[in-house]
Amino acid sequence: SIDVCVNEIVQCDEAVYMFLGSLLKSRRKSDITSFITILISPVVGLHSISPRLALRQHQCARFCSSTHNIVSISINPPNENKIPPIEMPQQPYSFSTLSKKVVVDLSQVSADTLKHETARQDAFNFSRRVQSALVRAKDAVWNASPDEKEAVNKLEQLLMDPIWKQTATRMPRQANLSTRMEEYMRLAAFRHFLATAQLLPPPSQEMVTDEEYLAGACMGLAQDLQQYGLGRATVRDVASVEAAASLVSDVLEFLLQLDFRNGPLRRKYDGCKWSLRALETLLYELEITNTKGNDDRAEKEPIQKRGKTESSLLPNDALSEIKKRMDHRDALREQLIKKCRDGQKAAKQAIFALHRGDKKKAAQLLEKCEVLIEKELYPIVKEEGGLRSGSFANMLEEYAEAKLFLNWLGDSEPPSCVILLMSDFPVTLTSDEYVGGLCDLTGEVGRYAVQRGTVRDTGGVQLCLETNNAILSSLLMMEQWPHSIGKKLQEVRRSVEKLQRILYEMSLSEAAGGRDMKTEIDMAEHADVDNETN
């Protein structure tokens with residue numbers, strides 16, 4: 001027992017060191033406390049202590065102590081060898097004197113994001129089933145399998161699911177379901193070509209969008225016909241190759257009338273030209289090998305000229321309606337982009353006004369931005385839901401940033417530090433747009449901290465650090481992040497680190513007696529002046 005061993009081990013410094021080590025390994029707090037209590041009792045009382053034994057004593061005391069204050073258990077050697085108590089590490093920012101706590105409630109955003117992500121994963125799972133059915137149906141069609149009808153029926157049953165139905169707002173489909181619909185239209189158009197040698201007419205808009213029809217039934221079909229022509233040319237079937245080339249030529253001529261701009265449709269459109277060229281090359285190679293088809297006109301007339309005299313292979317009336325709708329959407333897109341520039345400019349000017357302290361002007365600019373969103377931009381987005389991403393979403397993020405900054409500053413000094421909830425905004429925001437504005441807010445808070453640092457307002461800088469740290473912590477605690485947060489989260493981390501550095505440099509300046517020192521505050525201030533000058 002401890003009581004029996006004490007009288008023997010205290011006679012040897014090495015024995016005390018080894019015994020304390022064995023107790024520390026056993027991690028029995030009560031035994032360690034009892035032994036040290038006996039060591040410092042008047043009956044036993046050590047008369048000398050080595051540095052190694054002192055270190056072991058401090059290790060035991062650290063293990064036994066339940067607080068981060070000065071160690072309360074210590075061995076008391078004579079005064080000439082007395083070792084001062086060791087202070088335990090303190091909390092990193094225990095020096096903060098802030099009385100208010102910044103609260104960032106992202107529970108609603110987290111719930112909405114989690115719900116959206118769950119629906120997105122369900123859509124991905126459903127998409128995999130559709131992809132499997134598409135592969136089986138395509139193999140059956142291309143190989144003329146007797147199971148073709150059964151495979152196509154199973155695929156069409158999956159397409160009866162309500163998830164495919166388009167709303168009036170034409171919102172983008174979840175996950176990659178739009179790609180699956182393009183693949184289905186591509187297969188349906190190829191089956192229609194085998195039956196009629198013509199282009200499949202567009203189905204109902206409730207089922208398929210114009211973009212999906214063009215990408216699948218027109219551009220995708222052109223690539224399939226290139227592969228089809230190669231297979232028929234292998235068995236010297238000139239008529240089938242000519243039919244494929246004629247249809248691709250007519251499709252390309254129609255596509256030339258559309259303005260795709262830079263995007264997925266434009267990239268797929270470029271492939272149609274190569275498909276036509278490949279089919280023409282096949283016909284030329286068949287001709288120079290003296291292979292004749294059933295139609296003698298194939299030897300005399302180029303493909304493009306024959307297409308003008310023969311009956312049209314395209315549903316021209318339906319395609320004309322698609323062109324009108326595409327032109328209308330293009331006009332809406334141009335209108336939206338121009339108006340979004342005005343809204344984004346007003347939001348940026350509001351932020352500049354807030355940094356100058358002109359809150360009244362900032363409020364007026366934000367009100368102007370809100371009227372623009374409600375009266376002019378939302379009607380366009382409601383008609384064409386796909387236009388929400390891009391310029392409109394970027395403008396809403398800028399507006400959210402300015403609105404959050406205005407509310408954070410409050411009506412007087414110091415800032416109120418109140419973070420608006422997503423539901424508190426007068427306009428409707430998505431989770432991505434709100435979180436994007438919230439991340440950008442940390443940059444404006446950091447600039448405000450630099451302003452407070454130039455007048456040596458330590459409390460103001462601490463308040464900015466508390467705000468950015470609260471935002472970062474709230475974002476990290478979310479169960480599911482919006483997809484747009486990836487890069488911005490790194491900027492939030494950097495803003496917190498920069499504010500910590502500013503506080504440290506302010507303490508250096510204060511410790512130096514107010515002497516001029518080159519700090520990040522001064523460099524940031526000079527950088528802002530240079531930017532305004534440029």
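The chain exposes about 29,400 Å² of surface, and carbon and sulfur atoms supply 51% of it; such areas come from the Shrake-Rupley method with a 1.4 Å probe, and for residues only the protein chains shown count as cover. This is a predicted model, in which local features need pLDDT of at least 70 and side-chain atom pairs count only at pLDDT 80 or more, while totals for chains, interfaces and linings use all residues. Residues are numbered from 1 along each chain as its sequence is written, and side-chain values use heavy atoms, with hydrogens and water left out.

Let us look at the chain as a whole. Of its 534 residues, 43% are buried (under 20% relative accessible area; exposed is over 50%, partly exposed in between, with a 1.4 Å probe and protein chains only). You will find 18 helices and zero strands; both are DSSP runs numbered from the N terminus, helices being H or I with at least four residues and strands E with at least two. Among contacts (heavy atoms within 4.5 Å) between residues at least 6 apart in sequence, 73% join residues at least 24 apart.

Next come the aromatic rings. The structure holds 10 aromatic pairs. Rings of Phe, Tyr and Trp (its six-membered ring) pair if their centres lie within 6.5 Å; planes under 30 degrees apart count as stacked, over 60 as edge-to-face and the rest as tilted. Here are two of the pairs:

| Pair | Centre to centre | Angle between planes | Type |
|---|---|---|---|
| Phe 405 and Trp 408 | 6.2 Å | 20 degrees | stacked |
| Trp 408 and Tyr 448 | 5.5 Å | 85 degrees | edge-to-face |

Phe 405 and Trp 408 are three residues apart in helix H14 (residues 391-409), so about one helical turn separates them. Both Phe 405 and Trp 408 are buried. Tyr 448 lies in helix H15 (residues 431-454), so its pairing with Trp 408 of H14 ties together parts that are 40 residues apart in sequence. Tyr 448 is buried too, as is Trp 408. Elsewhere, Trp 142, Phe 190, Phe 193 and Tyr 228 form one aromatic cluster.

Finally, meet helix H9. Its 18 residues reach 26 Å from first C-alpha to last, close to the 26 Å expected at 1.5 Å a residue (the expected span is 1.5 Å times one less than the number of residues). Because 15 of its 18 residues are buried, H9 is largely enclosed by the rest of the structure. Ser 246 lies in H9, which covers residues 238-255, and Ser 246 is buried with a relative accessible area of 9%. From Ser 246 to Ser 312 there are 66 residues in sequence and 9.9 Å in space, C-alpha to C-alpha.
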